[in-house]
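Please open the model in a viewer and keep the selection tool at hand.

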Amino acid sequence: MTRLRPALLAALACALLATGCIPDTAKLDPFRSASTFCPVFFDLVTAKLGECSGMAPYLAEVYYAGSAESCAWVTASEKAGRLGFDRASIQPCLDALKAPGCAALQGSACDISPFVPKVQAGGHCVNDLECVASTAGCYNPDQACATSRCMNLGGAGARCLGRGIDPSCNDSNWCDSSGANPVCVPKLAAGQPCSSSFYCQTGNYCGLVLATYQCTPQRSRGAACTPGFDECLAPSLYCDSASSTCELVRTDAPVGDSCEYPNRCADGLWSDYSGATCICRAKSQAVGAPCTSSNACGAPGTRCISSTCQLLSAEGASCTPGLDQCQGGLYCASGSSSRCARWPVQAGATCGTVSGEFISCGPGLYCNRPGGTPTGTCAPTVAPGAPCPNYDECGSDGFSFVRTQCQAPPGSTVQVCVAPCPP
């Protein structure tokens, strides 16, 4: 999806009108700042999603609308000095997005954020992206935008209400919510009685010692361990089920290697859980290749349908309900002639899981499923201040950094939609 930006339009106007103006090439660089980078980046991401994931074209426009909202926030944050930009860090991602194929969506090149947070602990913020890494993020303890600030993880005695109001406790503490006001309390040292590893200090687990459970130092690489417990020194070690010894966690396991949790396969591979153990497999790059999971299909716009990698059907194409054949944003609408149709945009329409098909709701709606039933009806998202059992009711479309939250204010148990603070 290509869009002409104002800077490009200005350059074209100079050339077409022959006015003699000379464009400033530095200003024409779309990656010179966070604000100019943002819309171009989301265009690239949306185009790659459309190419590789089989997303219906209309859904790309929905995502773009969400990215426009986010980019407006990025521009305001950068102008206020709360956000910077690191072009070098994002260059591998840009190269991957511009390259043929789908490696950008299957690898880790785009996992790094180019936005540089500039707000220290105690400074005013609007979004987590503005807070330096040493902080827990942006919190709003009074639910007043003027008092939102970057906060550190909570120490002993700090309130830990959560829900975007208070940060979590630091590694030396846990959140005790047994009282009316949840507070951070110190974790247990080695040798102290325990009921779970959660309550032990970092580097310890809750183990059986002389018929009693105590916080016990975790074990080093090569030590014997019991799979399924926390006996190995985390996060670099885990208990390998094959050898029952503490081994290094692998984040780039090759084809044929184990992807037993917490190990992960290398970029471009998929995790096959169909057998007794998880195995890293290569993706099938050909349409029509046999498959056991859609994760196995690597060709652009394909999904595992009836045990083969098949191209997803576009809007209006014939389909069979229950096979999940339609592009993202579409479902197989049953009737006298089943066709791939857009997700509904009218209140009262059926949504959820119907005849094996997942049906979401269009912009401005959410799927209301009372009691968590598989099927529900589309209903308008609610305004800030209205009650909300979950985030769906508050609404947020596309790539949005500035989501409306569903939170219970301090001193209340009733959750309401809380609008994001203006940038």
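How many aromatic pairs does the structure hold? It holds nine, where rings of Phe, Tyr and Trp (its six-membered ring) pair if their centres lie within 6.5 Å. The model is a predicted one, in which local features need pLDDT of at least 70 and side-chain atom pairs count only at pLDDT 80 or more, while totals for chains, interfaces and linings use all residues. Residues are numbered from 1 along each chain as its sequence is written, and side-chain values use heavy atoms, with hydrogens and water left out.

**First selection: F37 and F85**

Select F37 and F85. Their ring centres are 4.9 Å apart and their planes lie at 40°, so the pair is tilted; planes under 30 degrees apart count as stacked, over 60 as edge-to-face and the rest as tilted. F37 belongs to helix α3 and F85 to strand β1, 48 residues apart, and the pair thus links distant parts of the chain. (Helices, H or I of at least four residues, and strands, E of at least two, are DSSP runs numbered from the N terminus.) F37 is buried, with a relative accessible area of 1%, and F85 also counts as buried, at 18%; buried means under 20% relative accessible area, exposed over 50% and partly exposed in between, with a 1.4 Å probe and protein chains only.

Select residues 34-52, which form α3. Of its 19 residues, 14 are buried, so α3 is largely enclosed by the rest of the structure. Just after α3, G54 takes a positive phi of about 70°.

Which residues have the most contacts inside the largest nonpolar core? They are F37, F41, Y58, V74 and I90, in a core of 38 residues. Such a core is a set of buried Ala, Val, Leu, Ile, Met, Phe, Trp, Tyr and Cys residues joined through side-chain atoms within 4.5 Å. The elements that give two or more residues to this core are α3, α4, β1 (83-85), α5 (87-98) and β15 (330-333). Among these, α3 gives the most, with eight residues. Finally, select W270, C297, C304 and C309, which are among the six residues of another core, lying apart from the largest one.
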